[in-house]
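Q: I would like a close look at one part of this structure, followed by its setting in the rest of the model. Please keep the account plain.

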Amino acid sequence: MDTTQKSLRVEQPFGKVSLQFLSRYWIFIALVVLIVAFSLLSDSFLSKINLLNILRQVSIIGICAVGMTMVILTGGIDLSVGSMIGVSGMACALMLQAGIPPVLAVFLTLVMGLGFGGITGLLINKIHIPPLIATLGLMTALRGVAYILNGGLPIYGIPESVKFLGQGWVFGIPFPVILMIAVFVLGYVLLNKTAFGRHLYGTGGNEEASRLSGVNVEKLKTKVYLLAFFLSTFAGIVLMARVNSGQPRGGTGYEMDIITAVVLGGVSIMGGSGRLMGVIAGVMIMGVLSNGMILLNIDEYVQWVVKGLVLLVAVGLDQLSNHKSEQ
Amino acid sequence: MSILCLKSVVKEYPGVQALAGVSFELEAGEVHAIMGENGAGKSTLIKTVTGAIKPTRGYVVYQGQTLPSGDPRAIIDLGISAIYQELSLFPELTVAENIFYGNETYKGLFLDKAKMNENALSLLKSLGTDIKPEVQVKTLSIGFQQLVELAKAVSKQCKLLIMDEPTAPLTNQEVKYMYEAVRRLQKQGVTIIYVSHRLNEVFDLCDRVTILRDGHYIETLDIDKVTEDELIRLMVGRTITNEYPKRTHELGDDYLSVRSLNSGLVKDVSFSLKKGEILGLAGLVGAGRTEIARLIFGADPLKSGEITIDGVTKLINSPHDAIAAGIGLLPEDRKTQGALLTMSISDNVSYSSLDRFSSKGILQPKLERASTQEFVSKLNVKTPSIDQLVGNLSGGNQQKVVLAKWLLNDCSVLIFDEPTRGIDVGAKSEIYELMRQITQRGVSVIMISSEMPELLGMSDRVLVVHDGSIVKELHPEEYSQETVLKYASGF
């Protein structure tokens, strides 16, 4: 905390650059500090099994964080990500239970996710509902759908082939972790190596200037929501495979962890700036924090308080640095 | 007796000195004009007096006391108010509610609407207008809204009123109301600082005039001891002819033609632009020059009309379409519409041409950077590296970055909207030189500028815009500020 406070007072002309540098730096230090602290406080924390466990636990929010990063970079937000995870798990489980071949069931679920992404893009870009409200509405509506699909009950009976998505191991690494890494690599390439990524940063930084530079910003933002919803649907399927069932409550409250991870990672909530490398650290912090607090037997309600405060601190630091650099 | 006195006021911004030690005095009860070209420092001076900005050095004395610099609230309480050409009224509220906003009259716990309406009415009457206090401001014309703004300023017991280009968006009839109000205020003992580009207004209304140029104080004169020509000479400070690079190439055939463009404000605009030509659009602020440019560029929806380039009709529904047709726009507001301040120079320059630096959808940084570096060097952007954030550059260099973006994209028609606004003198002449260079290479340019000398100095032909229509075409032999102003004002 102290180092960040000091970093806010660095020299003016290049203040923004060094601030961004230091905020990136800070997040990795915080991660190391957390890991050291928990390993001192708990004997089991640093074990290989527990570390792999953390990675497996964060894989769901990690996959979604890539989509969320892109959404937030455009200046938007997706509150419906948790509900989308729930709905896709239920929908996919329902199809599997009905005997639809696994590949087809997964494919159809992903198509459904894209459909909801398209609807969201439409609501935001054509009807001009602010992203916060559009996805708030969807968050509630989709959660309702997740319950309705099987009368509020979970769906069991996931075939072995699908379980692999959530429970498999490859080269001693849980398969969901490999999926998360793949999604991060894909996200990194999209953001840093393509015109799409460049235009995404530009549009988030200044939508009108981007439009006047020839970018079709509505199309661009619609693509971003399509991608985000695709990823949350995919994460929902992986979660379903991991817990062996479609759970109507699946993914509840995940939007909180995911948004916190992204903002912790240095992505500005105002849009336009932030790197995926930082988001990886943000995701890890959220995972380490949850895992460590559970190992230390910290009360669940206290965990909520901690997570809420982490989000506020992360956004607060971002806003402070924005405010400073404007002056 | 002096009411306001500036003592060596200096205001520095990174790379620009907006005020370079300005001192002058204001007599109580006078209407005092402040004149100067755009960028002369008028706005900065006003903002210093109203407390919107803090001077870097120097101070202001008001009624014998040093003004609390940078404290707008305290300064209003001292009796200094300002009205600007952009209105700060709440359109949904009534006239009376606007006038007394933040200064309401109460009866016990509740607002005393009747009393406020009554006070507003007498205030408006004292300004010589019969606006009704109960109507919503949005139902009034701009001119009457400006009078409401004036009443609002006066209601705060103001002794010194600053008017920053108050008549710029007004019609002739509305200007007359404004005149009347100003004269009545003067009779009531209010001192007025009147900033305007319009010479005739200054001669009609003001007692004295102070001229600023490039942030320097030039002279204060009694208005009846000065001629229009003398004023212009003092403001411009140099002859127009040797400042602007001359065209040395022959103009080509018609390249861009627009026929009967219509939108909300733009009415039936037709003209054509030759290859290699600089076509100036003159007009008062709000006349529709920017709107015409934005229609051609697809930034605003076109109601009807046709745009052809090199004889081929182009369907332009978005900036994307316009850019594909080879049109580029350097918007009037560089910081909010032109440059992407949070991105690097290189990212800005290549922003509209990323396709050509992509191979199978993946960007090729080497190719991209070599190309952006080439244009950055060609346009002489002053920066240690193309990785510098554009937000850290001076105005002139930001403008060059925006220009580089379009040149890299091989645009054949470029629209410059106020290309040198907020840019220091040295960078201005570089921009002029660049405009000539690109037209020499066959690019056609539409130039919009409120700086008359610059517009007349650069343009091969000038179209005067008034109230959304083109009212006159002028050729170099007919150029004069007076002629342009005459047509621009609708005579």
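Does Gln157(B) count as buried or exposed, and how many C-beta neighbours does it have inside 10 Å?

A: In this predicted model, Gln157(B) counts as exposed, because it has 11 C-beta neighbours inside 10 Å and the limit for an exposed residue is 12 or fewer. Gln157(B) sits in the loop between α5 (142–155) and β9 (160–164) of chain B. Its phi is positive, near 55 degrees, although the residue is not a glycine.

Gln63(B) also has a positive phi without being a glycine, at about 50 degrees. Its place is the loop between β4 (57–62) and β5 (65–66) of chain B. Gln63(B) is partly exposed, with 16 other C-beta atoms within 10 Å.

Chain B is divided into domain 1 (2–236) and domain 2 (254–488). The centres of domain 1 of chain B and domain 2 of chain B, taken over C-alpha atoms, are 33 Å apart. Helix α14 (residues 395–408) of chain B has 14 residues and reaches 20 Å from its first C-alpha to its last, close to the 20 Å expected at 1.5 Å a residue. This helix, α14(B), is mostly covered, with 14 of its 14 residues buried. Just after α14(B) comes Asp410(B), with a positive phi of about 55 degrees.

The contact between the chains takes 27 residues from chain B and 20 residues from chain A. On the side of chain B that touches chain A, the elements giving two or more residues are α10 (319–324), α11 (334–338) and β20 (362–363) of chain B. The residues of that side divide into 14 nonpolar, ten polar and three charged.

In soluble globular proteins, nonpolar side chains tend to be buried together.

Not counting residues up to four places away in sequence, Ile258(A) touches Ile61(A), Cys64(A), Ala65(A), Met68(A) and Val81(A). Ile258(A) is one of the buried residues of α12(A), which include Tyr254(A), Glu255(A) and Asp257(A) as well. Ten of the eleven residues of helix α12 (residues 254–264) of chain A are buried, so this helix is largely enclosed by the rest of the structure. Gly266(A) follows α12(A) and has a positive phi, near 95 degrees.

Key: Residues are numbered from 1 along each chain as its sequence is written. Chains are lettered from A and ligands numbered from 1 in the order in which they are written. This is a predicted model: local features need pLDDT of at least 70, side-chain atom pairs count only at pLDDT 80 or more; totals for chains, interfaces and linings use all residues. Domain bounds come from an automatic or database domain assignment. Two residues are in contact if their C-beta atoms, placed from the backbone, lie within 7 Å. Helices (H or I, at least four residues) and strands (E, at least two) are DSSP runs, numbered from the N terminus. Ala, Val, Leu, Ile, Met, Phe, Trp, Tyr, Cys and Pro count as nonpolar, Asp, Glu, Lys and Arg as charged, and the others, Gly among them, as polar. The expected span of a helix is 1.5 Å times one less than its number of residues. A residue is buried if 20 or more other C-beta atoms lie within 10 Å of its own, exposed if 12 or fewer, and partly exposed in between; C-beta atoms are placed from the backbone.
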